[in-house]
Amino acid sequence: MPPEKIDDTAVTIDGSGPPVLLVHGMGLNRQMWQWQLEPLADRFTVIRYDLLGHGASDIPAAPVHMSHFVDQLDRLIGALDLPPCGLVGFSLGGMIVRSFTVAHPDRVAALAILNSPHDRTQAERAAMRTRLALAKRRGPASTIDAALERWFTADFAARRPDVLDRVRQWMAANDPAAYVAIYRILAEGDAALTNAIAAIRCPTLVLACAEDYGNSPEMAQKMGALIPDAEVAIIPDLKHMGLAEDPAAINSVLLPFLQRQLST
């Protein structure tokens, strides 16, 4: 099915079967799921969409709050008339799907939280605020190279500069003002979710990559301890964008989880 616009949201739908919505990370767009798409679309109706202020979706009016993204997802699910579905969120997307599940538990059949922050320490939050200030002062492009170093291993960066260039282009395409406004949610929004996620009751997978220090295995373990009966998986040797660097490693955990929870 070709890309389309539903209200203010750019969306692409592939495959057939139980619905799974994929929610991308800060500064990226729905194309970041290309490495997961084929195995998922073989079994599910896969719905990828651009967050507000990203890709081809509309830019939200300032000030921007987490509720804008929760409402966007709710409107999309309603417009598509979906039954309770699988939600998969990466990084900022992982914060959004947690917020959404707390607000709309009846719409979520299974939840997967990938490489997403939780209950940052003061030092971790200070580092985020420093990057936010840099983006505000010099524009989002000033943060890209450092982000790519945090996101990919040095070996992969040397072997696959094409993948890094693709991600760099996605990030550079963002509207500067919208990027800064939304980055503030990424930097601060985990605090409000710290205890709220204990209310989540649907089957949940929390996944982290071992070398992703900003969205660490320790954070994943803490989330797993708060969400009743959550599964926690730590993927060795990868950084933040492990789903692009080693898709098979991520898919080997994500796909079986979704199959167990959503198979009819």
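Helix H5 passes helix H7 in a right-handed crossing, meaning that the near helix is turned clockwise from the far one by less than a right angle. Helices here are DSSP runs of H or I with at least four residues, strands are runs of E with at least two, and both are numbered from the N terminus.

A word on the source. This is a predicted model, where local features need pLDDT of at least 70 and side-chain atom pairs count only at pLDDT 80 or more, while totals for chains, interfaces and linings use all residues. Residues are numbered from 1 along each chain, and side-chain values use heavy atoms, without hydrogens or water.

Back to the helices. H5 covers residues 144-151 and H7 residues 161-172; they pack at about 135°, with axes 11 Å apart. Axes are lines fitted to C-alpha atoms over the stretch in contact, and angles run from 0 to 180 degrees between N-to-C directions.

Now the salt bridges. A salt bridge is a side-chain nitrogen of Lys or Arg within 4 Å of a carboxyl oxygen of Asp or Glu. The structure holds 14 of them.

In one of them, Asp14 pairs with Arg48, the closest N and O atoms being 3.0 Å apart. Asp14 lies in strand S2 and Arg48 in strand S4, so the bridge ties together parts 34 residues apart in sequence. Are these two buried or exposed? Asp14 is buried at 18% relative accessible area, and Arg48 is buried at 6%. Buried means under 20%, exposed over 50%, and partly exposed in between, with a 1.4 Å probe and protein chains only.

Asp162 and Arg160 also meet in a salt bridge, at 2.7 Å from N to O. Asp162 is partly exposed at 33%, and Arg160 is partly exposed at 34%.
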